[in-house]
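This briefing covers one protein model, for reading alongside its sequence and coordinates. The points are grouped by topic.

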Amino acid sequence: MMRTFWTRTLVVIGAVGLFLFALGLGLGVGRSMGGRDASGQSEAVLPEIPVDTGAEALIPVAEGAGRYSEDELENIRVYETRNRGVVNITTETLAYNWFLEPVPQEGVTGSGSIIDARGYVLTNYHVVKGAYKVFISLADGSQYEGEVVGVDPENDLAVLKFDPRDKDLVVIPMGSSSDLKVGQKVLAIGNPFGLERTLTVGVVSALGRPVRTEDGLIIQDMIQTDTSINPGNSGGPLLDSRGYMIGINTMIYSPSGGSVGVGFAVPVDTAKRVVPELIAHGYVERGWIDIVPVQLFPALVRYADLSVSRGILVSKVEPGSPAAEAGLKGGSPDKAVRYGRSIIYLGGDIIVEVDGRAVGSLADLYAALEDNKPGETVEVKVVRDGKVVTLSIPLSKRPERFNWN
């Protein structure tokens, strides 16, 4: 009787336990399969979160996502949005054969930036210097014959024009070079060695560099960069990380002719100042001091027993000119000497500084007056009778014969 009781009790307990187990199992299965909660709403299926959340456990959702770094994405964006605004420039020049007949020959190649949807292109002067014909090739392979509408040898800049007809052009926007910092990232797009639309990346290495060109001129405030600039890059844009032009790639310093990390670009602020005049007039109107200048050289310094060895001797001052009225003194006809085919009048003032820039050569004089217009007044320091005298001289328009060729 007692045994029967315990047997029945165990059976009941086992049945209840089995029922509860089944109930719990059913609820668990319901959750894992996305069943409904007590309110009858569908429950979200939660993914299994691994304990180790290190880098190896993180898998991109889409294939290729996270493939590029932020810096790489920046480079890609600049190239993809700006490369079609960079053109390849080729030229033809004229040479003479044995019979002294002019014959066309292949000139140089370079790069340029489309700066206006009407077909204006900004490049270097030395790319188109002496060109008989100019050809402009776009990113889609189409080629146009262009014309040189204006040149500025003193900043090694030129503006070209072609007729795009109904083609939509990508324009490279101009930024500012006034707030650049050494170490700032910059990108160059160009056509080095004929390889079209190549991107190179670097930093601003230095600012305010005065650089002498092959023609002997000094371009002030050049941007130095370690971005690779090779033959064919000349005239192409130097861009900031937003894709704005901050310079025009111009030259490299290299014993071998290849890029060694020392390249130079004309600041875009210089281009913004001169481009409107190049388009409107074909040249830049600059101020001038009405003198016949003579750069000092050792034989002249010794002969005249001058107290300075570097500077510009004022051989003549144009009578009635602003310079004459400001008190600038030229040499005396009684002290004339011949040097080669030139007559030099000794005894005049020696210019040693113009507009805050030291002047030791003709190139320095041109560089000092590069950003001055006719009618402006500049301070000029001269050596007169062994003493330094400061004059305020209004500028006149530079005569064509004094343009730097």
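How many salt bridges does the structure hold? The structure, a predicted model, holds 18 salt bridges. The protein has 405 residues, of which 41% count as buried, and its secondary structure consists of seven helices and 22 strands.

**Overall surface and contacts**
- The accessible surface of the protein is about 22900 Å², and 54% of that belongs to carbon and sulfur atoms.
- Taking contacts between residues at least 6 apart in sequence, 60% join residues at least 24 apart.
- Tyr-68, Leu-73 and Ile-76 make a nonpolar surface patch of about 250 Å².
- Tyr-68 sits in the loop between α1 (2-32) and α2 (70-82), and its relative accessibility of 42% makes it partly exposed.

- Side chains of opposite charge can pair when their charged atoms come close.
- Lys-167 and Asp-140 meet through their side chains in a salt bridge of 2.8 Å, N to O.
- This pair links distant parts of the chain, 27 residues apart: Lys-167 is in the loop between β6 (157-161) and β7 (185-190), and Asp-140 in the loop between β4 (133-137) and β5 (143-152).
- Lys-167 is partly exposed at 26% relative accessible area, while Asp-140 is exposed at 52%.
- Asp-349 and Arg-384 also form a salt bridge between their side chains (2.8 Å, N to O).
- Because Asp-349 lies in the loop between β17 (342-345) and β18 (350-354) and Arg-384 in strand β20 (residues 377-384), the pair ties together parts 35 residues apart in sequence.
- Asp-349 is buried, with 1% relative accessibility.
- In the salt bridge between Glu-353 and Lys-381, the closest N and O atoms are 3.9 Å apart.
- Glu-353 is in strand β18 and Lys-381 in strand β20, so this pair ties together parts 28 residues apart in sequence.
- Glu-353 is partly exposed at 23% relative accessibility, and Lys-381 is partly exposed at 30%.
- One network, joined by salt bridges that share partners, takes in Asp-152, Glu-154, Arg-273, Arg-286, Glu-370 and Arg-398.

**Largest pocket**
- The largest pocket has a volume of about 540 Å³.
- It is lined by 22 residues, of which His-126, Glu-214, Ser-234, Thr-250 and Met-251 are the closest to its centre.
- At least two lining residues come from each of β2 (102-116), α3 (125-128) and β11 (245-252).

**Ser-315**
- Ser-315 belongs to strand β15 (residues 312-317).
- Ser-315 counts as buried because its relative accessible area is 1%, under the 20% cut-off.
- Leaving aside residues up to four places away in sequence, Ser-315 touches Val-292, Val-294, Gly-330, Gly-331, Ile-343, Ile-344 and Tyr-345.

Note on methods: Residues numbered from 1 in each chain as written. Predicted model: local features only at pLDDT ≥ 70, side-chain atom pairs only at ≥ 80, totals over all residues. Heavy atoms only, no water. Helix = DSSP H or I, 4+ residues; strand = E, 2+ residues; numbered from the N terminus. Buried < 20%, exposed > 50% of the residue type's maximum accessible area, 1.4 Å probe, protein only. Contact = heavy atoms within 4.5 Å. Patch = residues over 30% accessible without salt bridge, like charges linked within 9 Å, V, L, I, M, F, W, Y side chains within 5 Å. Areas by Shrake-Rupley, 256 points an atom, 1.4 Å probe, with all protein chains shown as cover. Salt bridge = Lys/Arg side-chain N within 4 Å of Asp/Glu carboxyl O. 1 Å grid on protein atoms, 1.4 Å probe; cavity = no way out; pocket = protein on both sides within 12 Å on 5 of 7 lines; lining within 4 Å. Points joined across faces, edges and corners; volume = space filled by probe spheres on them.
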